[in-house]
Amino acid sequence: MLVTLREVLKDAQEKKYGVGLFNTVSLEMAKGVLSAAEELHSPVIIGTAEVLLPYASLEELAYFLVPMAKKASVPVVLHYDHGLTEPKIVEALKLGFSSVMYDCSTDTYENNISRVAEMVRIAGMFGASVEAELGHVGANGEQSGDDSIYTEPEQARDFVERTQVDALAVAIGTAHGAYKSKPKLDIGRLAEISRIVRTPLVLHGGSGLTEEDFRNCVANGISKINIFTDINCAAAKAAHEEFREGCGFTDIQNQITEAVKQETMKKMRVFGSAGRG
């Protein structure tokens, strides 16, 4: 069934488990993720991000992701992640995405608030949920000793009160992409944000963290965890391992889906979402 972040994250926040966002830029990935969710009776978030649009457009994805989400036996959020431009976010909403993220984290604090608040108003007309980001999540293993990129707890409280977002991505030391070195997570900062902010919190840059890292983050307030690199690499590895001279795509298609499914199930069990759908 197609739902919004509001439905799945409220329960996750109350019962202390995490719901995974698994970006699904192909039919094989979507089938793998949704099969994992149904087998484990887990709520799930699927979708894409603006940076991934060169691989599959919003319109192409919506053709199969919307009906797949609607007919699923578990709650499924169709989420447009890291939307950078308002026209693309509105396009996602018109195509049936039930949730969007407006990433204005590199803008000034006040501009971030005003732009996100306006998107909350727009998304509300579609019955969709909105996620925002405060602080800066690094890229490709980027690590920094600059505390200014981290989310400030009091600022987070002010931000959610003024924007009324449904979920807030916080920067506590994670990075997008593959890690070049072990990330140093500021769990104390996360715990303080969770203590004073009622809005469900989101962890970006989840691929590559240890199971202990994930459990620690969930225990200290994270309700949504973004994963792409791990399932993307699982799909590529399966294609490589299954390929033989003379075989076609259909000869490895199901194996790719199965690899994505197994990696997704592994994450769902760690996040604690299995059996919650």
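At 3% relative accessibility, phenylalanine 97 counts as buried. The term buried stands for under 20% relative accessible area, exposed for over 50%, and partly exposed for what lies in between (1.4 Å probe, protein chains only). The model discussed here is predicted: local features need pLDDT of at least 70, side-chain atom pairs count only at pLDDT 80 or more, and totals for chains, interfaces and linings use all residues. Residues are numbered from 1 along each chain as its sequence is written, and side-chain values use heavy atoms, with hydrogens and water left out.

## Aromatic pairs

A pair of aromatic rings is described by the distance of the centres and the angle of the planes. Three aromatic pairs are found when the whole structure is searched. Rings of Phe, Tyr and Trp (its six-membered ring) pair if their centres lie within 6.5 Å; planes under 30 degrees apart count as stacked, over 60 as edge-to-face and the rest as tilted.

One of the pairs joins tyrosine 80 to phenylalanine 97 in an edge-to-face arrangement, with 6.3 Å from centre to centre and 75° between the planes. Tyrosine 80 belongs to strand S4 (residues 76-83), while phenylalanine 97 sits in the loop between helix H4 (86-95) and strand S5 (99-102), so the pair ties together parts that are 17 residues apart in sequence. Helices (H or I, at least four residues) and strands (E, at least two) are DSSP runs, numbered from the N terminus. Tyrosine 80 has 0% relative accessibility and therefore counts as buried.

Phenylalanine 214 and phenylalanine 271 form another edge-to-face pair, at 5.0 Å centre to centre and 70° between the planes. This pair links distant parts of the chain, with phenylalanine 214 in helix H8 (residues 211-219) and phenylalanine 271 in helix H10 (residues 249-271), 57 residues apart. Phenylalanine 214 is buried, because its relative accessible area is 3%. Phenylalanine 271 is likewise buried, with a relative accessible area of 2%.

## Packed helices

Two packed helices are described by the angle between their axes and the distance between the axes. Axes are lines fitted to C-alpha atoms, for helices over the stretch in contact, and angles run from 0 to 180 degrees between N-to-C directions.

| Helices | Angle between axes | Distance between axes |
|---|---|---|
| H3 (residues 58-71) and H4 | about 30° | 10 Å |
| H2 (residues 27-40) and H3 | roughly 15° | within 11 Å |

H3 and H4 are therefore roughly parallel to each other. Angles under 35 degrees receive this name, those over 145 count as roughly antiparallel, 65 to 115 as roughly perpendicular and the rest as oblique. The crossing of H3 with H4 is right-handed; a crossing has this hand if the near helix is turned clockwise from the far one by less than a right angle, and is left-handed if anticlockwise. On the H3 side, Leu58, Glu59, Ala62 and Val66 meet Lys88, Glu91, Ala92 and Leu95 of H4. By class, the residues of this H3 and H4 contact are five nonpolar, no polar and three charged. Ala, Val, Leu, Ile, Met, Phe, Trp, Tyr, Cys and Pro count as nonpolar, Asp, Glu, Lys and Arg as charged, and the others, Gly among them, as polar.

H2 and H3 are also roughly parallel to each other, and their crossing is right-handed. Leu27, Ala30, Lys31 and Leu34 of H2 make the contact with Phe64, Leu65 and Met68 of H3. The contact of H2 with H3 has six nonpolar, no polar and one charged residues.

## Buried residues elsewhere

Serine 42 is placed in the loop between H2 and strand S3 (44-49), and its 0% relative accessibility counts as buried. Leaving aside residues up to four places away in sequence, serine 42 touches Ala37, Val74, Met268, Ser273, Ala274, Gly275 and Gly277. Contact means heavy atoms within 4.5 Å.

Helix H7 (residues 187-196) has Ile187, Arg189, Leu190, Ile193 and Ile196 buried. The elements that cover these buried residues of H7 include H6, S8, strand S10 (201-203), H8 and strand S11 (222-227).

## Positive phi values

Most residues other than glycine have a negative phi. Lysine 16, however, has a positive phi near 60°. Lysine 16 stands in the loop between helix H1 (5-15) and strand S2 (19-23) and is partly exposed at 46% relative accessibility. Glutamine 164 also has a positive phi, of about 65°, although it is not a glycine. Glutamine 164 is found in the loop between helix H6 (153-163) and strand S8 (167-170), and its relative accessible area of 54% makes it exposed.
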